[in-house]
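Me: I have not looked at this structure before. Please take me through it in short questions and answers.
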Amino acid sequence: VIARHLQARGDAGAALSMVDRVLDQDARHPDALALKGDLLLQGGRHDQALAAYESLQAADAWRGLRKKIQASVVMNDSVKAVELAQHLVDLDPSSPDGYLVLAALREKQGRYDEAFANIRQAIQHDDKSSTARLALAQLHLRRNENAKARQVFLDMIKSEPGNADALFGM
């Protein structure tokens with residue numbers, strides 16, 4: 001908590017020292033590893049940040065991979081980010097989350113057909129996922145496919161009448 005406060009105040013050096021003290025006591029502390037990686041990444045020390053995230057991945061595979069994907073994006077290494085996102089899918093192929101991360105990365109690369117395919121995979125694995133259906137509608141909107149987006153929103157409202165995202169998306 002104190003390290004996050006120091007980070008928020010802009011004192012990354014003091015925050016990093018505090019995190020290192022926590023890691024001296026528990027080298028696998030997930031929150032400390034994540035914060036250390038974040039601080040190093042913000043400071044431009046990319047290789048050290050990746051090493052911290054690698055340690056985090058050993059303690060918490062999902063969280064470590066997510067952080068490594070974020071670092072790869074910051075480092076403009078979209079190939080590595082996609083590779084890591086595929087590992088997310090491999091960790092839990094029945095979860096829509098990895099597919100949605102892949103879809104976001106594919107869209108960022110301008111690979112819209114693959115992004116749509118990844119979102120459809122997410123929906124196939126969890127057809128109740130409002131996050132996946134919202135991602136599909138938003139991608140249609142960003143592609144100026146308003147009629148398709150509208151249909152996705154209408155389908156969401158039909159199955160979830162109180163879904164604020166769908167209601168306001170209309």
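Me: In which hand does α5 pass α6, left-handed or right-handed?
Reply: This is a predicted model. Helix α5 covers residues 61-74 and helix α6 covers residues 78-91. The crossing in which α5 passes α6 is left-handed.

Me: At what angle do the axes of helix α5 and helix α6 cross, and are the helices roughly parallel or roughly antiparallel?
Reply: The axes of α5 and α6 come within 8 Å and cross at roughly 165°. Angles over 145 degrees count as roughly antiparallel. Therefore α5 and α6 are roughly antiparallel.

Me: Which residues of α6 meet α5?
Reply: On the α5 side, the residues in contact are A61, W62, L65, R66, K68, I69, S72 and V73. Their partners in α6 are K80, A81, L84, A85, H87, L88 and L91.

Me: What is the phi of N144, and where is N144 found?
Reply: N144 is not a glycine, yet its phi is positive, at about 60°. Because its relative accessibility is 64%, N144 counts as exposed. N144 is found in the loop between α9 (130-142) and α10 (146-159).

Me: Is A34 buried or exposed?
Reply: A34 has its place in helix α3, which runs over residues 30-42. Leaving out residues up to four places away in sequence, A34 touches Y53, L56, R63 and K67. The relative accessible area of A34 is 1%, and buried means under 20%. A34 is therefore buried.

Me: How many Å separate the C-alpha atoms of A34 and E83?
Reply: A34 and E83 are 49 residues apart along the chain. The separation of their C-alpha atoms is 20 Å.

Me: Which residues does N118 touch, not counting residues up to four places away in sequence?
Reply: N118 lies in helix α8, residues 112-125. With a relative accessibility of 7%, N118 counts as buried. The residues that N118 touches are Y99, L102, A103 and R106.

Me: Is K108 buried or exposed?
Reply: K108 belongs to helix α7, residues 96-108. Its C-alpha atom is separated by 14 Å from that of M75, which is 33 residues away along the chain. At 64% relative accessibility, over the 50% cut-off, K108 counts as exposed.

Me: Which residue lies over the face of Y112?
Reply: The structure holds zero aromatic pairs. A charge over a ring is a separate matter, and here the ring belongs to Y112. At 4.0 Å from the ring centre, the residue over its face is R143.

Me: How many helices and how many strands are there in the protein?
Reply: Read along the sequence, the pattern is α-α-α-α-α-α-α-α-α-α-α. The C-alpha trace spans about 55 × 30 × 25 Å along its principal axes. The count is eleven helices and zero strands.

Me: What share of the residues in the protein is buried?
Reply: Among contacts with a separation of 6 or more, residues 24 or more positions apart account for 34%. The protein has 170 residues, and the buried share of them is 38%.

Terms used
Residues numbered from 1 in each chain as written. Predicted model: local features only at pLDDT ≥ 70, side-chain atom pairs only at ≥ 80, totals over all residues. Heavy atoms only, no water. Phe/Tyr/Trp six-rings, centres within 6.5 Å; stacked < 30°, edge-to-face > 60°. Lys NZ or Arg CZ within 6 Å of the ring centre and 35° of its normal. Helix = DSSP H or I, 4+ residues; strand = E, 2+ residues; numbered from the N terminus. Buried < 20%, exposed > 50% of the residue type's maximum accessible area, 1.4 Å probe, protein only. Contact = heavy atoms within 4.5 Å. Axes fitted to C-alpha atoms, helices over the stretch in contact; angles between N-to-C directions. Parallel < 35°, antiparallel > 145°, perpendicular 65-115°, else oblique. Left-handed = near helix turned anticlockwise from the far one by under 90°.
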